[in-house]
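Good morning, colleagues. Please take a moment with the sequence and the structure on the screen, and I shall then go through several features in turn.

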Amino acid sequence: MSETAKSRAAELSHLRRDGLAAGDPIPLPLTMASIFHTPGVETGIDQYGRYDNPTWRAVEHALGHLENAQCVTFPSGMAAISAVFFALLKSGDRVLLPADGYHATRAMAERFLKPLGIICDTRPTPTFLDGGFEGYRLVFVETPSNPRLDICDISAVAKAVHDQGGILVADNTTMTSLGQRPLDFDADIVVSADTKAVNGHSDVLFGHVASRDADIISQVTDWRGMVGGIPGPFEAWLVHRGLETLEVRFDRMCSSAETIAQRLKEHRAVTGLRYPGLDGDPSHNLARVQMERFGFLISFELASEQKAEDFINGCELMQAATSFGGVHTSAERRSKRGDTVAPGFVRLSVGCEPVDELWKAIEESLDRIGD
Ligand SMILES: *Cc1c(COP(=O)(O)O)cnc(C)c1O
């Protein structure tokens, strides 16, 4: 990880330090409140829970510190993505989405943006620059893409999009702001499903929008307050708590994934292995330039649907589950969720278990399914 990323991670644990009075709790107190004491005409204070809450502010401050940007939180990743679309787009606008990214983003655009007169096109991540960006009001990238882990050049896309007067949104869920900072490569907006590695304990849905453009932040905040798609204070508090160990978890998960990807490469049952950290992976060279780490997701194919199911269900240190980024290693056959991948395609999310024990369990399960 770069020095900047390391110092931001280090400072994260002490963000509350300056505001503390003697006797204050050092950990963040949880404020469960819909109403606040509002005598007279004072402004700039908390008044009503749909507009602000001290617990949101703390988690937004922490996430914003890692992004080096302003941050607005939402009750899920999809709520954050929807907020960007619905707050910033109008009828007649054209948007471009990755053809191979998170399926719900495309489905939402198809079902809810199109009927409003917003034109939605898609393009594969590995060739995202091909065709240019003329006429696009908003371009959305997801890099590495979920589930195939292809990547695109954020900085080159940002430049080309800006040359045509559009804005670039990056879904940074698979990397978190410790692993990649798209705003540093001139993306205008980052969206993230903090449901995944940021919270990291698989017990909360959450999301955020980050930007260094004050107008964008103000429009998205306004939209949240009007529409009422707000995060619960308790969820915000849990994500704040999760963030305190993000660096440790992310470091372990990425290091283990590097080891496991190398070992999977040698296993005869595995084909089509993808991990941006592997020398020779189509994503590797660009990953070295724009990613701080290579991530904790690995994808590969086994010979059939049955073998993939047997591998996942037979591995003692693996949960069969959708989603990723939790402390528990988990895996899923993605064709189950409608991704256009082979029936034996597995997306593996490496968790925090000690790596040699984890590899032993993976290897035993692979050996059991045979070739
Ligand atoms: C999970 C995910 C989302 C959606 O997040 P939710 O919290 O489930 O709404 C968006 N983008 C990517 C890349 C994801 O993996």
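This is a predicted model: local features need pLDDT of at least 70, side-chain atom pairs count only at pLDDT 80 or more; totals for chains, interfaces and linings use all residues.

**The ligand and its surroundings**

I begin with T195, where a polar side-chain atom lies 2.6 Å from an oxygen atom of the ligand. The ligand taken alone exposes 380 Å², and the protein buries 94% of that.

At G77 the backbone takes part: one of its N or O atoms lies 2.8 Å from an oxygen atom of the ligand. At D171 the side chain takes part, with an N or O atom 2.7 Å from a nitrogen atom of the ligand.

Which residues come nearest to the ligand? There are 15 residues around the ligand, and of these G77, M78, D171, T195 and K196 come nearest. Which helix gives the most to the shell around the ligand? That is helix α3, residues 77-88, with three residues. As for the site itself, the ligand takes up the space of the largest pocket.

Is S145 buried or exposed? S145 counts as buried, because its relative accessibility is 0%, and the cut-off for buried is under 20%. Once its neighbours within four places in sequence are left aside, S145 is in contact with D100, T125 and D150.

The side chain of D184 is joined to that of R212 by a polar contact of 2.7 Å. With regard to I154, the separation from D184 is 30 residues in sequence, while the C-alpha to C-alpha distance in space is 9.5 Å.

**Helix α8 and its packing**

Finally, I come to helix α8, which spans residues 233-243. Its buried residues are P233, A236, L238, V239, H240, G242 and L243. Against which elements do the buried residues of α8 pack? They pack against three helices: α1 (3-12), α2 (54-67) and α9 (246-265).

Thank you for your attention.

Terms used:
Residues are numbered from 1 along each chain as its sequence is written. Side-chain values use heavy atoms; hydrogens and water are left out. A polar contact is a pair of N or O atoms within 3.5 Å; within protein, one must be able to donate a hydrogen and the other to accept it, and residues adjacent in sequence count only if both atoms are side-chain atoms. Buried means under 20% relative accessible area, exposed over 50%, partly exposed in between (1.4 Å probe, protein chains only). Contact means heavy atoms within 4.5 Å. A residue is near a molecule or strand if one of its heavy atoms lies within 4 Å of it. Accessible areas come from the Shrake-Rupley method with a 1.4 Å probe; for residues, only the protein chains shown count as cover. On a 1 Å grid over the protein atoms alone, a cavity is a set of points where a 1.4 Å probe fits but cannot get out, and a pocket is an open set with protein on both sides within 12 Å along at least five of seven lines; lining residues have an atom within 4 Å of a point. A molecule sits in a cavity or pocket if more than half of its atoms lie within 2 Å of its grid points. Helices (H or I, at least four residues) and strands (E, at least two) are DSSP runs, numbered from the N terminus.
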